[in-house]
Amino acid sequence: MFYRPEDGHGLPHNPFNAIVTPRPIGWISTRGSDGSENLAPYSFFNAVAYVPPQVMFASTSAKPDRDGTKDSVANIRDTGVFCVNVVEYAARDVMNVTSGPWDKEVDEFAKAGIERVDCDTIPCSRVVNAPANLECKLTQIVQLPGEANFAVFGEVIGVHMRDDCIKDGMFDVTTFQPLARLGYKDYTYVKDVFSLNRPGE
């Protein structure tokens, strides 16, 4: 089939998110200028550069109490920092709790019973037992076409890796099975890997 998004797809559910898969999940923790804490997962997330290391995530909806965006973007606008927490398969249920449309006063760390600790380089909390945490300073927020679509870019200035995830000097994703987002209500996780050499290597 072929369809133009502006005309609609005619299917029971939008297939777009099922086509662009799997997508890593950026579990973004922020702290508001008032000291409030927020933790929320974003599946429009990825690394975008090596030197300096940079990541991005996109927020695509709004809450009535956040002036056209969501808690994460609003906090980052105010403070200029955020932390990306890697989501493992074992954390799927608590991650899902933090995805709710909670009021800005709700602390998702507390609501989901997630242990936190202060980041080393930025004034923000991170998930203690996450396989890895990326402490980031904001570089830019880009408003994308469409209502409430914002892409947030950050430079990684601090990296935490859980010791049990490092095998033979490499960060081994099979030790924790990273969670990834598919379409609809579906998820997957990485348990098998294979390697390929590029031409000339």
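Reader: How much space lies in the second largest pocket?
Author: The structure is a predicted model. In it, the second largest pocket is lined by 22 residues. The space in this pocket comes to about 430 Å³.

Reader: Which residues lie nearest the centre of the second largest pocket, and which strand gives the largest share of its lining?
Author: Nearest the centre are Pro24, Phe45, Val86, Val173 and Pro178. At least two lining residues come from each of β1 (23-24), β4 (45-49), β6, β9, β10 and β13 (179-181). The largest share is three residues, and the strand that supplies it is β4.

Reader: How many residues in the lining of the second largest pocket are nonpolar, polar and charged?
Author: Pro counts as nonpolar in this division. The lining holds one polar residue and one charged residue, and its nonpolar residues number 20.

Reader: What is the volume of the largest pocket, and which element gives the largest share of its lining?
Author: The largest pocket has a volume of about 510 Å³. Each of β3, β5, α2 and α3 (92-97) supplies at least two residues of its lining. The largest share, five residues, is from β3.

Reader: Which residues lie nearest the centre of the largest pocket, and how does its lining divide by residue type?
Author: The lining has 28 residues, and Pro41, Tyr42, Ser43, Lys70 and Ser99 lie nearest the centre. By type, the lining residues are eleven nonpolar, eleven polar and six charged.

Reader: Which members of the largest nonpolar core touch the most other members?
Author: This core has 14 residues. Those supplying at least two residues each are β3 (37-42), β5 (54-59), α2 (71-79), β6 (81-86), β9 (132-143) and β10 (150-161). The members that touch the most others are Val55, Phe57, Phe82, Val84 and Cys136.

Reader: What does Cys136 touch, leaving out residues up to four places away in sequence?
Author: Contact here means heavy atoms within 4.5 Å. With those sequence neighbours left out, Cys136 touches Val55, Gly80, Val81, Phe82, Val84, Ile122, Glu155 and Val156.

How values were computed: Residues are numbered from 1 along each chain as its sequence is written. This is a predicted model: local features need pLDDT of at least 70, side-chain atom pairs count only at pLDDT 80 or more; totals for chains, interfaces and linings use all residues. Side-chain values use heavy atoms; hydrogens and water are left out. A nonpolar core is a set of buried Ala, Val, Leu, Ile, Met, Phe, Trp, Tyr and Cys residues joined through side-chain atoms within 4.5 Å. Buried means under 20% relative accessible area, exposed over 50%, partly exposed in between (1.4 Å probe, protein chains only). Helices (H or I, at least four residues) and strands (E, at least two) are DSSP runs, numbered from the N terminus. On a 1 Å grid over the protein atoms alone, a cavity is a set of points where a 1.4 Å probe fits but cannot get out, and a pocket is an open set with protein on both sides within 12 Å along at least five of seven lines; lining residues have an atom within 4 Å of a point. Grid points are joined across faces, edges and corners, and a volume is the space filled by probe spheres set on the points.
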